[in-house]
Amino acid sequence: VFDAAYAPFIRSDDVPKSIFEIPGAETCSIEVNSFSKYAGFTGVRLGWTIVPSGLKFSDGSLVRDDYNRVMTTCFNGASNVVQGGGMACLDDAGLTEINTLIDYYLENAKILKKGAEEMGFQVHGGDDAPYVFIDLEGKSSWDMFSKILTEADVVTIPGAGFGPGGEGFLRLSAFAPRDSCIEAIARLKKLNFD
């Protein structure tokens with residue numbers, strides 16, 4: 001299952017935006033997407049799933065047919081108001097607004113990434129993504145989260161919240177006003193991280 005919710009943030013030509021850009025994926029993949037990240041629909045819950053005809057169970061039956069049966073049994077569909085909002089996102093004005101918003105958040109991510117690098121941290125993300133992950137070089141993500149919150153009044157996201165592989169990292173989010181991102185970096189630069 002490939003979650004493509006952040007695909008519109010990808011601006012690099014050599015990075016796939018869909019799992020189905022990879023040869024053979026139509027026989028082993030399902031792609032989900034939604035308006036939650038790039039159109040600000042978090043909580044509205046309007047999305048879609050691509051279950052290709054080439055994806056089959058071991059008996060040869062189509063996964064698509066079973067998925068459709070389960071979805072139509074358990075879900076009555078999005079309300080007309082929500083569907084109207086989704087359609088507005090897809091017209092020319094909506095797409096223009098979405099791209100403007102994505103550009104804004106990607107610029108915030110550049111600010112956060114540059115600031116963290118200037119503090120001497122190794123960072124991941126911030127390119128093609130609205131998040132920057134700071135490598136804490138073995139330090140506890142919860143301890144660093146607490147330190148930053150209490151000493152700088154800046155909210156971050158401890159990597160441990162993403163599972164064992166996230167421990168030792170801290171996530172910064174670009175989903176904020178520009179001035180808040182600039183202020184957060186200024187506050188972080190005043191802390192002693194040794």
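**Entry 1: charges over rings**

I began with Arg 178, which lies over the face of Tyr 104, at 4.3 Å from the ring centre. This is a predicted model, so I read every value here as computed. I then looked up Arg 171. Arg 171 lies over the face of Tyr 131, at 3.7 Å from the ring centre.

Both rings turned up again in my next search. Tyr 104 and Tyr 131 belong to one aromatic cluster, together with Tyr 6, Phe 9, Tyr 105 and Phe 175.

**Entry 2: aromatic pairs**

I asked how many aromatic pairs there are. The count comes to twelve. I noted two of them.

Phe 35 and Phe 41 form a tilted pair: 5.5 Å centre to centre, with 50 degrees between the planes. Both of these residues are buried.

Trp 142 and Phe 145 form an edge-to-face pair. Their centres are 5.6 Å apart, and the planes stand at 85 degrees. Both lie in helix H4, three residues apart, which is about one turn of the helix.

Phe 145 has 16%, so it goes down as buried, the cut-off being under 20%.

**Entry 3: the cores**

Next I looked at the nonpolar residues. The largest nonpolar core has 22 residues. Which of them touch the most other members? I found Leu 112, Ile 134, Ile 148, Leu 170 and Phe 193. Several elements each supply at least two residues of this core: helix H3 (92-118), strand E5 (131-135), helix H4 (141-152), strand E7 (169-173) and helix H5 (178-188).

I went back to Phe 193 for its contacts. Leaving out residues up to four places away in sequence, Phe 193 touches Met 119, Phe 121, Lys 139, Met 144, Lys 147, Ile 148 and Leu 188.

**Entry 4: helix H5**

Which residues of H5 are buried? They are Cys 181, Ala 184, Ile 185 and Leu 188. These residues cover an arc of only 95 degrees around the axis, so they sit on the same side of H5. I also checked what they pack against: the partners are H3, H4 and E7.

**Entry 5: the sheets**

I traced an open sheet of four strands. Its order is E4-E5-E7-E6, and the pairing is antiparallel. Strand E4 (123-125) and strand E6 (157-158) stand at the edges. Each has a single partner strand, so one side of each is left without a neighbour in the sheet. E4 and E5 pair over three bridges, in the antiparallel sense.

I then traced an open sheet of three strands, in the order E1-E2-E3. Its pairing is mixed. The edge strands are strand E1 (2-3) and strand E3 (47-50), and each pairs on one side only. Strand E2 (residues 31-34) and E3 run antiparallel and are joined by four bridges. Here, too, I noted one bridge: the partner of Ser 34 in E3 is Gly 47.

Notes. Residues numbered from 1 in each chain as written. Predicted model: local features only at pLDDT ≥ 70, side-chain atom pairs only at ≥ 80, totals over all residues. Heavy atoms only, no water. Core = buried A, V, L, I, M, F, W, Y, C linked by side-chain atoms within 4.5 Å. Buried < 20%, exposed > 50% of the residue type's maximum accessible area, 1.4 Å probe, protein only. Contact = heavy atoms within 4.5 Å. Arc of directions from axis to C-beta. Phe/Tyr/Trp six-rings, centres within 6.5 Å; stacked < 30°, edge-to-face > 60°. Lys NZ or Arg CZ within 6 Å of the ring centre and 35° of its normal. Pairing = 2+ DSSP bridges.
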